[in-house]
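Have a look at the structure first, then read on.

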Amino acid sequence: LGSLFVGSNDGLKDLEGLSKIQEMEGEIFVKLNPQLADVEGLRNLRRVGGLYLKHNGIATLSGLSSLETVDTNLDLEDNDGISTLEGLSALQRVGGYLDINNSSFLESLVGMEKLSEVEGSFFLARNSKLKTTNGLEGLRTVGGDFWMDANGLQELDALHGLQKIGGDLWIRYNLSLSTDVAADWAATVTVGGNQQILGNAP
């Protein structure tokens, strides 16, 4: 099965038509569906080439509870209804980039404890209510860049298992995160590229 695009449907309320998909080599794009409140139709999906959930009305990711592997990118951007990532409890590996970006009401990453590897870059940015890294305890490797920009983060405690970042490390404009805390944590990680730690709290 090739890639699948579900987008710009003002009246779409569910994805039940996709409920038989368990594995898919292509990518699934679900974008610009303001009435779509959940992704329960993906409840049997275990592996997918890529998954993009952007600009929907989704309030929960519980329908992704079977998802173990994303071969390329997992993009969770501009989903203001989501407050937690508990639906990603089976996820172990992202083969491309992971983007958790601009979700204004996201308060917790709890549910991602099994995620151990992001082979591409990890973008955690513009999540103003996200105060903690809890949920990332299992993360060991980020193959590309790791950006933590403009979140509400106050600590990085759950990231102490992260051993290696292949690219750049950016920790910027997290106004509730102490610069000393950020620098002390960064010193424990092997970083292959450049580091920028700036614009955080004193």
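K54 sits in strand β3 and D75 in strand β5, so the pair ties together parts that are 21 residues apart in sequence. Helices (H or I, at least four residues) and strands (E, at least two) are DSSP runs, numbered from the N terminus.

A word on the source: this is a predicted model, where local features need pLDDT of at least 70, side-chain atom pairs count only at pLDDT 80 or more, and totals for chains, interfaces and linings use all residues. Residues are numbered from 1 along each chain as its sequence is written, and side-chain values use heavy atoms, leaving out hydrogens and water.

The structure holds eight salt bridges, among them these:

| Pair | Closest N to O |
|---|---|
| D71 and R47 | 3.0 Å |
| R172 and D149 | 2.7 Å |

How exposed are D71 and R47? D71 is partly exposed at 26% relative accessible area, and R47 is partly exposed at 37%. D71 lies in the loop between β4 (69-70) and β5 (74-77), while R47 belongs to strand β3 (residues 47-56), so this bridge ties together parts that are 24 residues apart in sequence. R47 and D71 also join R93 and E119 in a network of salt bridges.

R172, in strand β13, and D149, in strand β11, link distant parts of the chain, 23 residues apart. R172 is buried at 17% relative accessible area, and D149 is buried at 9%.

Now for helix α1 (residues 179-186), where A182, W185 and A186 are buried. They cover an arc of only 100° around the axis, which puts them on the same side of α1; the arc is that of the directions from the helix axis to the C-beta atoms. What do the buried residues of α1 pack against? Their partners are β11 (146-149), β12 (164-165), β13 (169-172) and β15 (195-198), with contact meaning heavy atoms within 4.5 Å. The face turned away from the buried side carries the exposed D180 and D184.

Key: Buried < 20%, exposed > 50% of the residue type's maximum accessible area, 1.4 Å probe, protein only. Salt bridge = Lys/Arg side-chain N within 4 Å of Asp/Glu carboxyl O.
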